[in-house]
Amino acid sequence: MKLVLRNITKRFGSLVANDDISLEVLPGEVHCLLGENGAGKSTLMNVLYGLYQADEGEIVLDDVVQHFSGPGDAMAAGIGMVHQHFMLIPVFTVTENVMLGNESTGFAGTLDADAARERVREISARFGFHVDPDAIVEELPVGVQQRVEIIKALSRDAEILVFDEPTAVLTPQETDELMEIMRQLKEAGKAIVFITHKLREVRAVADRITVIRRGAVVGEAQPTATNADLAALMVGRPVELTVHKDAPQLGDESLVVKDLRVVDALGHVHLDSISFEIRAGEVLAVAGVQGNGQTELTEALVGLQDHVEGSIKLDGKELVGKSVRRILDSGVGFIPEDRQADGLVGGFSIAENLMLNRSFRSPFVKRGALRGDALEAFAREKLQEYDVRAPDIHTHAGKLSGGNQQKVVVARELSRDLRLLVAAQPTRGVDVGSIEFIHKQVIATRDRGIPVLVVSTELDEVVALADRVMVLYRGQVVGIVPGDTPRETLGLMMTGERPKDVVA
Amino acid sequence: MSGTETPPPAPHAQKPTPEGEEASGARPQGPSRSQSVLREIASGNALAGVLAVFLAVLVGSVMIALTDEEVRASAGYVFARPGDFLQATWDAIWGAYTALFRGAVYNDRVDDFATQIRPLTETLKFAGPLIAAGLGVGLAFRASLFNIGGRGQMLLAGAAAGWVSFTFDLPMIVHLPLAILAAMLAGALWAGLAGLLKARTGAHEVIVTIMLNYVGYYLVFYALSRQGLLQAPGSSNPKSAPAKESAILPDVLGERFNLHLGFVLALVAVAGVWWLLNRSTLGYRIRAVGENPTAARASGIDVGRTYVVVMLIAGALVGLAGANQVLGTVTSGVTTDLDAGIGFDAITVALLGRSRPLGILGAGLLFGAFKAGGFSMQASEGIPVDIVLVVQSLIVLFIAAPPLVRAIFRLPAKEAK
């Protein structure tokens, strides 16, 4: 089935989310929709899926103009969507999930599970999915859950499959498997729309690439284009994708973590027997798939976890058991992974956010009163220095774009006297241009002789920044390896395997 | 678009990023939905407040017309003589609101100036405790705490002030401040209890403060009914002895007016709370905790401790309102009626004032005017005083439902975050 989007325009108030976008997807091809967060990719797909009505333009399937008033219509017309967040019911079996919303019933409303099970088995076999129809979904690995989503779409005879940022939750290995699945689907004659902002994946699987920026198509590209070309198209200016860094000037062991164990209030163990050290002037990157204890590790380092055993010593001083305030005051800079929740107060101005962890003493405080002029001067300087794009220092942080918000957090943390920097997902949801800037700042911090711990689920980032890499899996250290370890090895370690030839 | 990038369109903004959800349950302080709703209510814009008052007055007009005898009589022959009906309606509404004005601001029907402006001083007298208690509720709002316990805090504060006022024989310069301090302390402790329970156990402050209202009420009632505790000697009524002269708030404009020092103290409190919120580090932390407790915590601010401190100060402010009542407005002795509904009206005042000190000052004055003018509406126009209460309640309703007001006036929805 051939899909044509013709001159789609979608507005939200005065904001044009999609501006006259046209797109053509042929059967047997993977069409990649590339763009930054907020470029309008998901809006376009929600229009296609019937969740939004386009203000202008039309959707054409095999030369027939469609009018979808909801996802039901889109599904009936042969469009299947694999969402970034799976729309599965965790306690149901694979078969039950596939049936859901499309139940075939027998006498007196009894469910015909056997037929559905057979269908799952058949689709699974055809594409080599290896999915057990009777497995409970929540017990399956994330990659397999995604396949259940794909089966669900295929079981409704979808001819056009939309993958919305499908690799965000996958390990590198699972990503490779997904690419393979996409190729198979393509060969089976399906038309595939693949939405992403990851250049590597685009080049691996796309037949055609359409780049979207600020709601409009800015160009088409061939899969043979270089990363730099694609990034430049996406951002609108040339971007440095690799961070230039010299060999680290290693100092003493500054941060020494020994037998760290973190338990939550319910008694679940999130981290167990974690030991590592970071030397002054070194970046240790923590790699791993989301949810393998990285959050708990960074929170334990700054005192945000309540049940911590073991020892965290910074320059010989024990941090475990100290309050967040004491730890921050002793020179720990913390870039939290979720800036909206933990990093910024959205209703505060940029200036107010810049003193968030310095509200107890100078330079912005004098005898219990705020020193407004000192803060404003500081804020103006940092706005300039960190290239925060905002009308002025009184703009509410909540109104900034993700990249600018992150720059405010980075500015705040890096402008203190640091003895350690803990950066969790420092560039998540940040535009490519800001990523470049933030990476440079992290390396500059390292070069000032400060130990840096970077947590990232993006292998690109890990490889770009790390002097050494520590891989976490299910709350334990798989291994600590040099920064130039091949990506394949790191990817394998992220699944919990420990290759024999790796130096520990 | 220069400089700032517009945040992505709604679907992107709402779409949780893959990293948004965490497997861990280790985030006890996440901003809850009720908190964000509360924040929305407490920070609505000024226009919405004005429109809410306008709508309430409009609906109040309908109520006045409906309850008026002549309007109803003329409605019987409205098709025969519509002029009568319209005239009667106009008379009723105009009469009601001019009576309100005469009772609350300026009475043009008397000759000497002092009597003419007497209503205004009455308004200020009523506004004093409303402002003080409104500050107490509003300050808690700023930390995202819903202090419904104004009544209990006022009762305990009033009892404490009353006890000091009739027990001791001291020179005024010592006695009066002592009584006021006792009130503020009692209010602070009663509210601080709710803060402490929230900080230590996570008990929701709404439930705790509501229940402490009952506990406070019956405690005070018990004390007022027992000889040797608070009951006036030789009496069998649940009432204390009157305050001694040395503990009574002096009149500020001479004996011809009832306006006492309590209003001035409320003004001082407005200035104090303004400084606290906008210029002090404590206020900065209070606002940070109110806007985003998780970010505050991650920045080293002790959220639980801030809750306790906020509630202590809030209770002290409500306690000041209690002192205002017992030492100024009704000095004949403490009863369980001393709060006169102020504990709850304070919530409205704080909402209408958007939890800003100056806004609360204005809202307190408006409500003081309603109180002062309500009597004259009833006396001169025969309008049930309940109608004034209806208007007040409608203001709350319209303020608490910003989308409703926005829909009625077709205001644009607030910007997506």
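## Two loop residues in chain A

D157(A) sits in the loop that links α5 (142-155) to β7 (160-164) of chain A. This is a predicted model, so treat what follows as a tour of a prediction. D157(A) is not a glycine, yet its phi is positive, near 60°. Is D157(A) buried or exposed? D157(A) counts as exposed, because it has 10 C-beta neighbours inside 10 Å, and the cut-off for exposed is 12 or fewer.

R214(A) is another non-glycine residue with a positive phi, in this case near 45°. Look for R214(A) in the loop between β9 (208-213) and β10 (216-221) of chain A. R214(A) has 18 C-beta neighbours inside 10 Å, so it counts as partly exposed.

## A four-stranded sheet in chain A

Now to the sheets. One open sheet of chain A has four strands, ordered β12-β11-β14-β15, and their pairing is antiparallel. Its edges are β12 (269-279) and β15 (317-318) of chain A, each of which pairs on one side only.

At the β15(A) end, strand β14 (residues 307-314) of chain A pairs with β15(A) in the antiparallel sense, over two bridges. Helix α9 (residues 294-302) of chain A lies across β11 (253-263), β12 and β14 of chain A, and runs at about 65° to β12(A).

## A six-stranded sheet in chain A

Chain A also has an open sheet of six strands, with mixed pairing, in the order β16-β19-β20-β13-β21-β22. Here the edge strands are β16 (332-335) and β22 (476-482) of chain A, each pairing on one side only. On average, neighbouring strands in this sheet are turned by 15° against each other, if you ignore direction. Strand β21 (residues 468-473) of chain A pairs with β22(A) over six bridges in the antiparallel sense. Among the residues involved is Y473(A), whose bridge partner in β22(A) is Q476(A).

Which helices lie across this sheet's strands? One of them is α9(A), which lies across β13 (283-287), β16, β19 (420-424), β20 (452-456) and β21 of chain A, at about 150° to β19(A). Another is helix α17 (residues 487-494) of chain A, which lies across β13, β21 and β22 of chain A and runs at about 30° to β21(A).

## Two helices that pack on α13 in chain B

Over in chain B, start with helix α13 (residues 303-329), which packs with helix α7 (residues 150-167) at an angle of about 55°, their axes 7 Å apart. That angle makes α7(B) oblique to α13(B), and the crossing is right-handed. The α7(B) side of the contact includes G150(B), G158(B) and G162(B), while the α13(B) side includes G315(B), G319(B) and G322(B). Sorted by class, this contact of α7(B) with α13(B) has eight nonpolar, nine polar and no charged residues.

Helix α6 (residues 113-142) of chain B also meets α13(B): their axes come within 7 Å and cross at roughly 170°. That makes α6(B) roughly antiparallel to α13(B). Among the residues that meet are P129(B), A132(B) and L135(B) in α6(B), and V310(B), I313(B) and L317(B) in α13(B). The contact of α6(B) with α13(B) divides into 15 nonpolar, six polar and one charged.

## A mostly covered helix

How many of the residues of helix α11 (residues 281-291) of chain B are buried? The count is 10 of 11, so this helix is described as mostly covered. The buried residues include R285(B), R287(B) and E291(B), along with Y284(B) and I286(B).

What do they pack against? Some of the partners come from chain A, namely β17 (365-366) and β18 (369-370). The rest are in chain B: α6, α10 (261-279), α12 (293-298) and α13.

## One buried isoleucine

Last stop: I387(B), found in helix α16 (residues 385-400) of chain B. I387(B) has 20 other C-beta atoms within 10 Å, so it is buried. Leaving aside residues up to four places away in sequence, I387(B) touches G60(B), M63(B), I64(B) and T67(B). From I387(B) to G374(B), the C-alpha to C-alpha distance is 8.6 Å, and the two are 13 residues apart in sequence.

Conventions:
Residues numbered from 1 in each chain as written. Chains lettered and ligands numbered in written order. Predicted model: local features only at pLDDT ≥ 70, side-chain atom pairs only at ≥ 80, totals over all residues. Axes fitted to C-alpha atoms, helices over the stretch in contact; angles between N-to-C directions. Parallel < 35°, antiparallel > 145°, perpendicular 65-115°, else oblique. Left-handed = near helix turned anticlockwise from the far one by under 90°. Contact = placed C-beta atoms within 7 Å. Nonpolar A, V, L, I, M, F, W, Y, C, P; charged D, E, K, R; others polar. Pairing = 2+ DSSP bridges.
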